[in-house]
Amino acid sequence: MTDVRELVRAFRASAPTDDPVAFLRARFDAGLAWVHYPAGLGGLGLPREQQAIVDEELAGTPSNDPRRIGIGLGMAAPTLLRHGTAAQKRRFLRPLWTGEELWCQLFSEPGAGSDLAGLATRAVRDGDGWRITGQKVWTSMAHRARWAILLARTDPDLPKHRGLTYFVCDMTAPGVDVRPLRQLTGEAEFNEVFLTDVFLPDDLRLGAVGEGWAVARTTLMNERVSIGGGALPRGGGLIGVLTALWTGRPDVRTAAAHDEMMRLWVAAEAARLTGVRARQQLAAGDPGPEGSAVKLAFAELAQRITGLELELRGADGLRHDDWTMRRGEAVDFEGRSPTYRWLRAKGTSIEGGTSEILRNIIAERVLGLPAEPRTDTTVPWRELPR
Amino acid sequence: MNLLYSQDEESLRDSLRALLRSRAGSPDDGFDAQVWRLLAAELGVTGLIVPEKLGGAGASLREAALVMEELGRFLTPVPYLGCAVMAVTALRVAGDTTVLSRIADGSACAALAVPFAGPGGDVRVTGGTLTGRVASVADALAADVLLVPAGDELYEVAADGPGVTRTPVVSLDVTRPLVDLTLSAAPGRSIGPAQPALGAARTAGAALLASEQLGVAEWCLDSTVEYARTRIQFGRPIGSFQAIKHRLADVWVSVTQARAVARFAAGAVSGVELDGAEPRLAAALAQAHCGPVAVRAAEECVQLHGGIGFTWEHPAHLYLKRAKTTSVALGTAAAHRGELAGLLGLTPAGTP
């Protein structure tokens with residue numbers, strides 16, 4: 001058996017130290033990017049749990065920013081690994097992991113959010129490639145991304161799940177127009193992406209023509225595994241903001257608020273421990289559906305905690321810090337005003353799958369309850385009401 | 001702290017299920033002496049946390065928590081919580097050896113003579129004997145030894161000895177009988193100071209009761225899902241309606257969280273010291289969270305079973321009664337939230 005700790009120490013002794021990117025490239029080439037990936041693709045084909053040893057040994061060395069590369073890392077990479085050609089894996093995985101090329105996701109559309117398979121963006125054959133036309137929405141990082149994972153309709157005469165094909169979209173191609181989408185907080189974390197007659201060569205197709213839904217399911221399953229975030233300490237995050245307010249401001253305390261705060265503290269600690277347990281299961285090589293529980297619980301908690309904080313602060317709580325449009329790249333739950341926190345928390349039960357869709361998924365895939373009767377799975381997409 | 005189940009715990013679970021499933025019967029009479037003997041003789045679980053040198057298995061409260069889960073799932077009417085968890089913990093802290101050895105070999109069952117819920121009883125010591133009354137004592141019906149706090153001491157009293165009267169209570173939870181205890185000049189042997197022993201027993205009991213509540217909630221979820229899958233109304237299984245699905249998904253989310261909390265609490269009380277802040281915090285968190293989860297799961301179980309859920313013949317009511325009783329027993333969720341606030345320094349309104 002390979003001794004990972006020895007390997008990492010040997011790598012560390014010989015790795016380039018002059019430039020962070022050079023270091024990250026060398027780390028990828030040594031198979032120490034994600035050790036459970038195959039050799040030659042940033043990994044060594046080892047059990048996933050050994051990654052923790054690698055990360056521990058390489059603490060303090062140059063690192064990619066997991067938030068900036070989150071979509072590439074959590075969604076594009078596992079999809080490329082499972083469905084990509086050898087050439088696609090070689091081309092995309094290294095700069096994805098080093099952070100030299102950022103990724104975004106062109107899935108949701110104004111007319112197809114939760115009902116993703118109903119999307120209307122068209123991909124039409126054109127010689128040795130495809131012409132893409134349509135509009136995508138809620139695309140974070142699109143204004144920074146070099147590549148996108150793209151789901152488009154290649155056959156409107158088939159039922160909606162069967163007429164889809166999965167592509168890698170070149171975000172620098174002519175016809176790609178990225179516009180900020182301002183949200184209710186005033187800032188624009190997300191974008192609208194207009195695709196007008198964008199040409200993509202056929203070697204940017206991922207998986208077979210018409211197999212886009214199966215490929216997308218790989219992406220979506222990995223999205224849910226990665227949601228839930230890293231480990232916060234007990235009493236950290238939003239509940240920490242609330243308890244700090246309580247401790248620092250005796251004047252805002254009421255008996256009713258005390259009980260509600262303690263309920264929220266208990267709920268936050270329960271959610272935190274659920275996340276800890278889910279990560280332990282993942283590390284033990286047995287990823288369960290617990291990520292969905294963490295996501296649902298966090299969405300509700302964030303809304304209740306920020307709502308209580310706003311109420312406790314009274315008139316002060318109604319002063320917003322700034323409505324100017326910013327291009328935020330990450331949620332700033334702890335750095336901004338309580339009004340921002342409260343407003344931004346409204347997105348937590350919508351983004352990454354609404355709470356309602358998640359409950360359906362839990363009911364059907366985890367609990368095994370029967371699906372709701374549907375009328376849209378056998379009808380050609382073209383004939384569906386939209 | 002590892003919140004997963006170990007291989008040993010999973011195999012203990014398998015053995016327990018095999019035994020309990022074969023014995024599942026009517027729990028109406030409140031104590032299944034035969035199952036209790038089998039648990040002691042075949043699996044040795046009554047002495048699980050008794051030290052090895054006293055004839056026990058020397059296991060930690062983590063493994064005992066696993067037993068609590070399965071006893072909760074099957075609603076087995078045996079005094080495991082009162083005897084094998086709380087009395088054993090009190091005896092260990094008090095430094096007793098004789099009663100512990102008898103519990104380990106299955107020849108005796110012990111119970112703490114304190115009310116299952118609420119403040120303590122009123123027992124006086126006069127001339128080396130005990131006199132007084134303790135209401136609503138759990139697991140005392142099957143006990144051979146009563147551990148009675150009086151003054152500042154904990155006394156060992158023979159349950160069928162002179163001056164001891166046990167009067168069964170008609171209680172909400174028929175699967176965990178309560179008795180009113182009356183002592184009149186009953187002889188007792190002091191085994192140590194009462195407060196440390198009772199405090200430790202209470203912390204261990206509250207922490208592990210969460211695992212029982214988890215088992216109760218899991219049974220309620222599983223049986224309701226099974227029912228929703230097969231019960232046809234309006235021409236299709238009721239489990240295909242979103243109104244039902246979403247409620248069951250919410251129960252699953254809360255059960256998933258209760259599992260993490262219960263495992264955490266079991267781990268936190270598995271160390272040697274039970275009077276530290278961390279075990280007390282874990283026990284309070286466990287009761288503040290898992291009690292309400294079990295009640296909600298049982299309420300949803302009754303509701304989503306519809307008419308059959310409201311009958312005596314369906315077991316849903318037994319789980320509902322157990323869930324509600326345990327959510328009050330070793331302190332309500334509100335009381336535990338108060339305890340947590342104290343431990344965390346989150347003072348109530350009106351204090352500077």
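**View 1. Contact between domain 1 and domain 3 of chain B in the predicted model.** In this interface, 23 residues of domain 1 of chain B are in contact with 27 residues of domain 3 of chain B. Domain 1 covers residues 7-108 of chain B, and domain 3 covers 196-344. Their centres, taken over C-alpha atoms, are separated by 21 Å. Between them the two domains bury about 2,000 Å², with 68% of this area on carbon and sulfur atoms.

**View 2. Polar pairs across the interface of domain 1 and domain 3 of chain B.** Two salt bridges are found across this interface. Glu9(B) forms a salt bridge with Arg263(B), and their closest N and O atoms are 3.0 Å apart. On the side of domain 1 that touches domain 3, the elements giving two or more residues are α3 (61-74) and α4 of chain B. The largest share of that side, ten residues, comes from α3(B).

**View 3. The open four-stranded sheet of chain B.** The strand order is β1-β4-β5-β8, and the pairing is mixed. From one strand to the next, the twist averages 30°. Strands β4 (residues 145-150) and β5 (residues 153-158) of chain B pair in the antiparallel sense over six bridges. Leu146(B) has Val157(B) in β5(B) as its bridge partner.

**View 4. Helices α4 and α6 of chain B against the sheet strands.** Helix α4 (residues 80-94) lies across β1, β4, β5 and β8 of chain B and runs at about 80° to β1(B). Helix α6 (residues 194-230) of chain B packs on the sheet and touches β1, β4, β5 and β8. The direction of α6 makes about 75° with that of β8(B).

How values were computed. Residues numbered from 1 in each chain as written. Chains lettered and ligands numbered in written order. Predicted model: local features only at pLDDT ≥ 70, side-chain atom pairs only at ≥ 80, totals over all residues. Heavy atoms only, no water. Pairing = 2+ DSSP bridges. Axes fitted to C-alpha atoms, helices over the stretch in contact; angles between N-to-C directions. Contact = heavy atoms within 4.5 Å. Domains from an automatic or database assignment. Buried area = accessible area lost by both parts, 1.4 Å probe. Salt bridge = Lys/Arg side-chain N within 4 Å of Asp/Glu carboxyl O. Polar contact = N/O pair within 3.5 Å; in protein donor to acceptor, adjacent residues only side chain to side chain.
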